[in-house]
Amino acid sequence: MTGGVHGRVDDAVVVGGGAAGLCLAHWLTRTGTGVTLVEAPDGPLRPAERTWCYWEAGTGEFEEAVVASWQRLRVRGPDGSAVGSDPSPLRYRMVRSGPFEQLVHSRLAAAPEARVLRATAHEVRDAPYGAEVRCTTADGRPLTLRGRYVFDSRPVPGAPPHRTILLQHFRGWFVRTAAPRFEPQVADLMDFRVPQPRHGLAFGYVLPLAPDRALVEYTEFSRAPLTTAAYEAALRQYSAGVLRLGRFTVESAEQGVIPMTDARFPRRTGRAVFRIGAAGGATRPATGYTFAAVQRQSRAIATALRDGRPGVPPPHGRRALAMDAVLLRALDTGRVDGPRFFTDLFRRVPMERLLRFLDGGSTPWEEFGIGLRTPVGPMLRTAAEVPFLARRATGRSEESS
Ligand SMILES: Cc1cc2nc3c(=O)[nH]c(=O)nc-3n(C[C@H](O)[C@H](O)[C@H](O)COP(=O)(O)OP(=O)(O)OC[C@H]3O[C@@H](n4cnc5c(N)ncnc54)[C@H](O)[C@@H]3O)c2cc1C
């Protein structure tokens, strides 16, 4: 942090204190970089509490916030056949955004070079000393924050130009059953024993928290979200008809939409202004998982800044993005059958390798092998056409052929 004619100038200002902003502020502090984190006051800009799941080996940086973790992961085909395995050394983990925020805020409060402010950011722009963030505080006062670099995680409206955009949309219930119904050590990532939509695919997702408690979700990858009533109907059908939960109560619910797209998200929007998190393309197009990429990226940004190399590395590798673009298009055009594609993939590729691939940690040879375990004909046909399709700012996918 430096003082000057403009008052306090932080090494870094982080805009938005969600998954990406919190992780980055944490890692900046750990590497001795002065940081101001500005998060929106309570109100419409602040997202509802949510669950972030990811896989990681060993003990992670945010272990205290992990509320549950699973040793075994399972995928079920439409006929109920199960493929399950232990992806050791990786372990699937769940954090809740509220306790995660509290943990990071308490760490930042203990670091003299960090501060957390509550204000709404309106404008982020380059300035002679770096960049500035114009904000309004909760009580209506204007506030300008100054930093040598600004990292902005505010959501961007609409996706940048793309060939394909599917929405991963879902609603989940935290249920408590009258009798023990769940296997606490097994997480069901995809359970295709649900009716499939006309376009895209649908699956159940079950994360047990105890023998009688779980997060049970209904998820679709398709073009438009459902009404809450339609999610509730699908969840009722899945809980009663498929999982046979018997008597249960719904203790709370969460709902969300995650765009899955081959859009290219700019990561630098000014000389000293960078975009991070979902707004900077951290969501893995083929899965919607974002949290693990955000953690990797935050650490890399903080290390690079400490070493005098300011910048934001790409959250996903080029090969991975190219493979995801093909898969999204193949799903969107209906050339591959979603439930079959995913169950076959999990059956044929060791879980640990697949998860490592999704985290960008696989070798080209392993990726070639994964490609061979997909429906090669439709995927190759799609791969051949994707480079010739223009990215367009349509707001939705190109029509299926
Ligand atoms: C319900 C739900 C569940 C999800 N579950 C998973 C999961 O299990 N695993 C996974 O990997 N991904 C998951 N995702 C996807 C992704 O991880 C999350 O969307 C994640 O929150 C993205 O992090 P972010 O920091 O980019 O955005 P956010 O977490 O949304 O953070 C943006 C922050 O910016 C703040 N903000 C907005 N506007 C302003 C402003 N003008 N001024 C100041 N602050 C502002 C907001 O208050 C917010 O805190 C989920 C998404 C949803 C919606």
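A residue counts as exposed when its relative accessible area is over 50%, and as buried when that value is under 20%. Arg244 has a relative accessible area of 59%, so Arg244 is exposed. This is a predicted model, and the values here are computed from it.

Arg244 sits in the loop between α3 (228–242) and β15. Its backbone has a positive phi of about 50 degrees, although Arg244 is not a glycine. Most residues other than glycine have a negative phi.

Val294 belongs to helix α4. Its relative accessible area is 2%, which is under the 20% limit, so Val294 is buried. Val294 and Glu232 are 62 residues apart in sequence. In space their C-alpha atoms are 31 Å apart.

**A cis peptide bond**

Most peptide bonds are trans. The bond from Ser88 to Pro89 is cis. Its omega is near 10 degrees. Pro89 lies in the loop between β6 (82–85) and β7 (90–96).

**The ligand**

The ligand is surrounded by 30 residues. The closest are Ala20, Cys53, Ala278, Thr290 and Phe291. By class, this shell has 15 nonpolar, 10 polar and 5 charged residues.

| Residue | Protein atom | Distance to a ligand oxygen atom |
|---|---|---|
| Gly18 | polar backbone atom | 3.3 Å |
| Glu39 | N or O atom in the side chain | 2.8 Å |
| Leu45 | backbone N or O atom | 3.3 Å |

On its own, the ligand has 970 Å² of accessible area. The protein covers 90% of that area. Which elements give two or more residues to the shell around the ligand? They are α1 (19–30), β3 (51–57), β8 (114–127) and β15 (248–261).

**The cavity**

The model has 1 cavity of 30 Å³ or more. The space in this largest cavity is about 50 Å³. Its lining includes Trp55, Arg284, Tyr289, His316, Leu358 and Asp359. Thr290 and Phe291 also line the cavity, and both are listed among the residues closest to the ligand.

Which helix gives the largest share of the cavity lining? Helix α4 (residues 291–306) does, with 4 residues. Among the lining residues are Phe291, Ala292, Ala293 and Arg296. By class, the lining of the cavity divides into 6 nonpolar, 3 polar and 3 charged residues.

**The second largest pocket**

The second largest pocket holds about 280 Å³ of space. It is lined by 16 residues. Those closest to its centre are Trp55, Glu56, Ala292, Gln295 and Arg296.

Which elements each supply at least two residues of this lining? They are β3, α4 and α7 (351–358). The pocket lining has 7 nonpolar, 3 polar and 6 charged residues.

Helix α4 contributes to the lining of the cavity and to that of the pocket. Strand β3 gives residues to the shell around the ligand and to the pocket lining.

Definitions and conventions. Residues numbered from 1 in each chain as written. Predicted model: local features only at pLDDT ≥ 70, side-chain atom pairs only at ≥ 80, totals over all residues. Heavy atoms only, no water. 1 Å grid on protein atoms, 1.4 Å probe; cavity = no way out; pocket = protein on both sides within 12 Å on 5 of 7 lines; lining within 4 Å. Points joined across faces, edges and corners; volume = space filled by probe spheres on them. Nonpolar A, V, L, I, M, F, W, Y, C, P; charged D, E, K, R; others polar. Near = heavy atom within 4 Å. Polar contact = N/O pair within 3.5 Å; in protein donor to acceptor, adjacent residues only side chain to side chain. Areas by Shrake-Rupley, 256 points an atom, 1.4 Å probe, with all protein chains shown as cover. Buried < 20%, exposed > 50% of the residue type's maximum accessible area, 1.4 Å probe, protein only.
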